[in-house]
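Visitor: I am new to this structure and would like a close look at one part of it. Please take me through some aromatic rings and their surroundings.

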Amino acid sequence: MAGNKGRGRAAYTFNIEAVGFSRGEKLPDVVLKPPPLFPDTDYKPVPLKTGESEDYVLALKQELRETVKRMPYFVETPEEKQDIERYSKRYMKVYKEEWIPDWRRLPRELMPRKKCRKGPRSKKATDTGKGPSLTNPADVLKKIEELEKKGDGEKSDEENEEKEGSKEKSKEGDDDEEDDAAEQEEYDEEEQEEENDYINSYFEDGDDFGADSDDNMDEATY
Amino acid sequence: MTQAEIKLCSLLLQEHFGEIVEKIGVHLIRTGGQPLRVIAHDTGTSLDQVKKALCVLIQHNLVIHQVHKRGVVEYEAQCSRVLRMLRYPRYIYTAKTLYSDTGELIVEELLLNGKMTMSAVVKKVADRLTETMEDGKTMDYAEVSNTFVRLVDTHFVQRCPLVPATENSDTGPPPPAPTLVINEKDMYLVPKLSLIGKGKRRRSSDEDATGEPKAKRPKQTTDNKEPIPDDGIYWQANLDRFHQHFRDQAIVSAVANRMDQTSSEIVRTMLRMSEVTTPSGAPFTQPLSSNEIFRSLPVGYNISKQVLDQYLTLLADDPLEFVGKSGDSGGGMYVINLHKALGSLATATLESVVQERFGSRCARIFRLVLQKKHLEQKQVEDFAMIPAKEAKDMLYKMLSENFISLQEIPKTPDHAPSRTFYLYTVSILSAARMLLHRCYKSVANLIERRQFETKENKRLLEKSQRVEAIIASMQATGAEEAQLQEIEEMITAPERQQLETLKRNVNKLDACEIQVDETIFLLESYIESTMKRQ
């Protein structure tokens with residue numbers, strides 16, 4: 001091409017003067033990596049504004065942050081079931097107001113659907129509908145009574161409550177609402193049976209007391 | 001939406017509504033309008049939780065729903081509205097300055113709850129105010145209602161779109177989602193309510209809390225089963241009006257800094273007069289005659305007509321062009337150039353950033369290029385009177401950070417570099433956008449750092465809260481000084497030190513967020529105003 005001074009000779013295709021470098025001058029190094037994550041600053045930042053109004057707005061901001069956590073709009077993530085149910089957790093729960101949106105303004109598909117439960121189980125109080133909600137103490141007591149009537153063996157009341165409450169909550173979180181409430185009940189019972197130390201069939205058959213015990217022993221005797 | 005904006009939205013949603021709502025919200029911001037099932041499938045959350053999250057988001061005006069063909073309802077997130085959550089404290093403080101505590105609480109309740117009926121707001125605010133008053137005194141509903149009506153009249157609070165009233169419901173199945181409509185003139189129409197009552201304290205000792213019943217209208221009691229007279233009429237805070245107010249404040253303080261108090265008062269009067277007559281996106285206000293301005297000056301200001309005219313001429317001649325003269329009738333017609341004012345404010349912000357980041361010589365070069373529009377390398381060195389090497393270095397630094405850009409002007413059609421002019425120029429719009437993006441990133445970093453600091457010291461914070469609770473309960477039951485001392489010593493001196501440091505750091509980070517948000521507001525207003533004019 002015209003203007004090429006010959007092979008191998010370094011030549012710029014444009015007037016280097018225009019960009020500000022003179023010929024033969026050392027050019028700045030080529031940058032081979034991204035800029036540092038925390039670059040050094042030559043100048044310190046300007047101090048923040050201070051004053052009465054700034055303090056007030058700051059206080060407002062911090063209060064607002066605390067308030068929104070207590071509002072019914074703050075949806076808690078359903079906690080995974082912990083290995084050890086802490087007794088104090090039950091008493092440290094924050095009670096929030098229930099919020100019911102105006103359904104006339106919202107699309108119908110957002111309404112929680114309540115499936116009708118099968119016959120005898122309809123008396124059982126269960127938490128349905130919108131996500132995890134607090135276990136109603138009255139419902140839980142009712143449930144305990146009914147379960148006791150069924151004669152599921154000896155369990156402590158609190159263990160029952162805790163497990164049912166937390167299981168129901170985790171079920172609410174995971175299950176699709178299509179799940180029948182009846183299935184929920186059965187599953188609860190099964191889980192309860194596995195979780196405690198007592199063997200359910202141990203005391204049920206009085207005659208075969210000695211014979212059956214060996215078969216049903218899950219745990220080692222010391 | 002840029003990555004920085006999405007990150008900031010995610011942090012804000014998480015702080016306000018928890019992780020589930022955050023997941024759904026961010027997904028919608030990223031992907032645009034989507035129906036319910038697709039959201040549940042893509043985010044892997046249960047249908048139940050998605051429904052709840054959407055209810056919360058719609059309630060707070062962050063997501064809108066639309067019915068598409070074949071009955072599919074799509075949900076779309078409003079990213080810019082989510083970013084406004086950062087500004088809530090500023091809105092509440094503004095309401096306080098304008099309408100004192102009652103106004104402050106009304107706006108706070110509306111922002112916290114998204115939308116509410118007037119009766120619900122009045123009741124809640126009256127209760128809250130009564131809590132803070134001395135024993136025996138209660139807050140009357142009428143006073144709160146008055147403040148509410150004043151807020152509506154000045155357009156700080158507006159009506160939400162309504163569900164259209166359906167006369168006959170048997171023309172086929174009802175639509176899957178209501179299409180909400182609002183009439184311009186209905187937006188600030190307050191329904192005729194007569195709210196009688198007083199605020200209640202939470203203690204049950206207040207027997208005379210309810211007012212006298214009126215025979216015709218149901219009185220506002222704690223009984224929820226009574227029909228609410230303004231059912232279905234919801235109100236929300238009108239953020240645009242607040243933004244207008246902030247913009248006016250910024251212009252007035254700029255004039256005060258540049259000139260003097262009197263000129264800023266004149267500009268404030270002009271802005272106040274054009275509050276309701278000028279639409280929010282207009283480039284300049286309606287022309288105001290000098291006589292009108294003279295009549296509307298605040299009562300305490302005793303300046304003569306002549307002095308006012310002199311000030312107006314001075315303002316109109318100022319190179320910043322905040323005020324312009326549009327005619328001579330009525331003693332001179334003057335307008336405020338809103339767009340130019342916002343442009344000047346944005347430019348000032350840019351200059352200040354360059355100065356603080358790169359030094360005052362860089363700032364000189366920046367201002368020079370801004371003024372002369374296009375300059376060659378050689379010309380920059382000559383005009384700025386800075387040695388060539390340093391000038392080159394500074395220009396390249398600013399170029400790499402995108403404050404300055406290069407404009408190529410080819411001499412020949414083949415754009416050969418040796419025969420092309422390279423001119424340095426500043427495009428305020430693109431520099432403003434770049435700075436805005438950096439601001440979003442800064443706020444996201446600040447929030448993350450604050451959360452990190454709080455998490456690091458979580459154990460200590462919980463301990464101190466427990467100790468405070470114990471002390472409070474002991475004081476209530478009347479404990480001795482020695483016992484209280486003992487409890488207080490549960491927190492050792494180095495721990496106290498650590499808590500102090502933590503508190504100071506968190507306060508600093510919070511204050512930073514608030515002040516970066518002020519810059520964000522200026523830049524956003526400028527960009528919005530420029531885009532509207534194109």
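**Aromatic rings in chain B**

Guide: In this predicted model, B:Arg241 lies over the face of B:Phe156, 4.5 Å from the ring centre. B:Phe156 also belongs to a cluster, in which ring pairs link it with B:Tyr88, B:Tyr91, B:Tyr99, B:Phe242, B:Phe246 and B:Phe521. Over all chains, a search of the whole structure finds ten aromatic pairs. One of them is formed by B:Tyr88 and B:Tyr91, a tilted pair with 6.4 Å centre to centre and 45° between the planes. Helix α6 (residues 88-113) of chain B holds both of these tyrosines, three residues apart, about one turn of the helix. B:Tyr88 counts as buried because its relative accessibility is 3%, under the 20% cut-off. B:Tyr91 counts as buried too, because its relative accessibility is 0%.

Another pair joins B:Tyr99 and B:Phe156: this one is edge-to-face, with 6.3 Å centre to centre and 75° between the planes. The pair links distant parts of the chain, 57 residues apart: B:Tyr99 is in helix α6 of chain B, while B:Phe156 is in the loop between α8 (141-153) and β5 (157-159) of chain B. Both B:Tyr99 and B:Phe156 are buried.

A charge over a ring also occurs at B:Phe383, where B:Lys372 lies over the face at 4.5 Å from the ring centre.

Key
Residues are numbered from 1 along each chain as its sequence is written. Chains are lettered from A and ligands numbered from 1 in the order in which they are written. This is a predicted model: local features need pLDDT of at least 70, side-chain atom pairs count only at pLDDT 80 or more; totals for chains, interfaces and linings use all residues. Side-chain values use heavy atoms; hydrogens and water are left out. Rings of Phe, Tyr and Trp (its six-membered ring) pair if their centres lie within 6.5 Å; planes under 30 degrees apart count as stacked, over 60 as edge-to-face and the rest as tilted. Helices (H or I, at least four residues) and strands (E, at least two) are DSSP runs, numbered from the N terminus. Buried means under 20% relative accessible area, exposed over 50%, partly exposed in between (1.4 Å probe, protein chains only). A charge sits over a ring if NZ of Lys or CZ of Arg is within 6 Å of the ring centre and within 35 degrees of the ring normal.
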